[in-house]
Amino acid sequence: MTRSSTALMTDHYELTMLQAALASGTAHRRAVFELFPRRLPEGRRYGVVAGVGRALDALEDFRFDDDVLGALDGVVDEPTRAWLAGYRFTGDAWGYPEGEVYLPHSPLMVVEAPFAEAVLLETLLLSIYNHDSAIASAASRMTLAARGRPCIEMGSRRTHEEAAVAAARAAHVAGFAATSNLAARQRYGVPSTGTSAHSFTLLHDSERDAFRAQVDSLGVGTTLLVDTYDVAEAVRLGVEVAGPGLGAVRLDSGDLGVLAHRVRAQLDDLGAHDTRIVVTSDLDEYAIASLASAPVDGYGVGTQLVTGSGHPTCGFVYKLVAREGASGELEPVAKRSPDKASVGGRKWALRRRTPGGVAEAEVVGIGAPPTDDGDDRALLVPLVRDGEVVGREPLEAARQRHERSRAELPEAAQSMTRGEAVIPTLVQDAAANA
């Protein structure tokens, strides 16, 4: 399948900066840009990197073909359009791999290339990283609160159609077992699941007829929605129609904790001891945590997940931190605005751990990194080399990485209460490692 260009998924000023830099002769200076968070979303203790794979795909599709150039009439001059016609990213990029935990000032992506090549990527990279990492960060808290019980992403109807696909992917990275979104299944291999809505029950002359039609079509292992009318009567009918081997029942309204206990007792009385109980209805990490003691076997999460559970963006920025000087060497540069200062210089990053393997600090530095003493885990990996993507990996690798990365955090990371970053970020300069 031919993918369309991503070059117009950007801001107007990226191209006007390019035009001015080409005219001034500075466009080809070697430059280092860094994508990073100044802080975590308020109250969050850690974040999760997601969207890396999507960003690499988008980078490969960042090209200025005839259709794209035709849309730039009145945006840039002819010399700039001519330069864009031959655009190809030739630089290098390193970054935190997908699924990794991040903290304030983590250098999530470091891009080194001529200024003209690197500056154009700002909006596209931020758009992908900010959205996907927000979803993954919320999803991580939800799967943590679920304590091993499966979570299903089902928020497609609550967000933009393309955001829904990206959200399903990001949630899967952070531990969600499946999605309701079939495009995410097709594009990324995220397992999909689903059975029926209230409309299916209302279509039929009786709840019994609806259950019979569903079981005949999907088998006794299906999940029956039991709160269209009366929950207790629906559970009785469901077991009567499907037998004690009924796969699951779903509760989508009411006091889910109270209902789950009642339904569990009723299922057991009917001999359906292995029938699972799945709950939905505007769940977030706090609601999931409140159901920890209830006999719930799985959670379906929609609105709160695809909106980042109150934090729909991560606040990542993409800043120039070094540029080629008169000597030909890279020189650190930094923004010094109050409350928005950046730290100049190309960074390295590592996760400092105790001898027992528990993370105790995020260490970010400039210059040569310290010698690994066995307790430091390097965080940056190659993503792009000489313009060629080298960091692509299966989605399952990101899922496993997230599980390992979250597991090494201190116990406080499991708290659902508002708090500061679970470990501090230590910023070191080159002299500190001399």
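The structure is a predicted model, in which local features need pLDDT of at least 70, side-chain atom pairs count only at pLDDT 80 or more, and totals for chains, interfaces and linings use all residues. Residues are numbered from 1 along each chain as its sequence is written, and side-chain values use heavy atoms, with hydrogens and water left out.

The chain falls into domain 1 (12–135 + 311–343 + 378–428) and domain 2 (146–308), with bounds that come from an automatic or database domain assignment. Taken over C-alpha atoms, the centres of the two domains are 37 Å apart. UniProt, in an unreviewed entry, places the feature "domain: Nicotinate phosphoribosyltransferase N-terminal" at residues 8–129; UniProt positions are given in the numbering used here, feature names are shortened, and annotations may be inferred rather than shown by experiment. That stretch, residues 8–129, is 39% helix and 18% strand, and its end C-alpha atoms lie 17 Å apart. Helices (H or I, at least four residues) and strands (E, at least two) are DSSP runs, numbered from the N terminus.

Turning to the interface, 18 residues of domain 1 are in contact (heavy atoms within 4.5 Å) with 20 residues of domain 2. The two domains bury about 1,600 Å² between them, 61% of it on carbon and sulfur atoms; buried area is the accessible area (1.4 Å probe) that two parts lose on being put together, summed over both. Of the area that domain 1 buries against domain 2, Ile135, Leu395 and Arg399 supply 41%, more than any other three residues.

The rule finds 1 salt bridge across this interface, a salt bridge being a side-chain nitrogen of Lys or Arg within 4 Å of a carboxyl oxygen of Asp or Glu. Arg169 forms a salt bridge with Glu98, and their closest N and O atoms are 2.6 Å apart. Helix H2 (52–60), helix H6 (122–146) and helix H15 (395–407) each supply at least two residues of the side of domain 1 that touches domain 2.

In the whole structure, the search finds 31 salt bridges. One of the pairs joins Arg141 to Glu285, with the closest N and O atoms 2.8 Å apart. Arg141 lies in helix H6 and Glu285 in helix H13 (residues 285–290), so this pair ties together parts that are 144 residues apart in sequence.

His311 sits in the loop between helix H14 (303–306) and strand E12 (316–324). Leaving aside neighbours within four places in sequence, His311 is in contact with Pro41, Glu42, Arg44 and Ala134. A polar atom of the His311 side chain lies 3.2 Å from the backbone oxygen of Glu42.

Key:
Polar contact = N/O pair within 3.5 Å; in protein donor to acceptor, adjacent residues only side chain to side chain.
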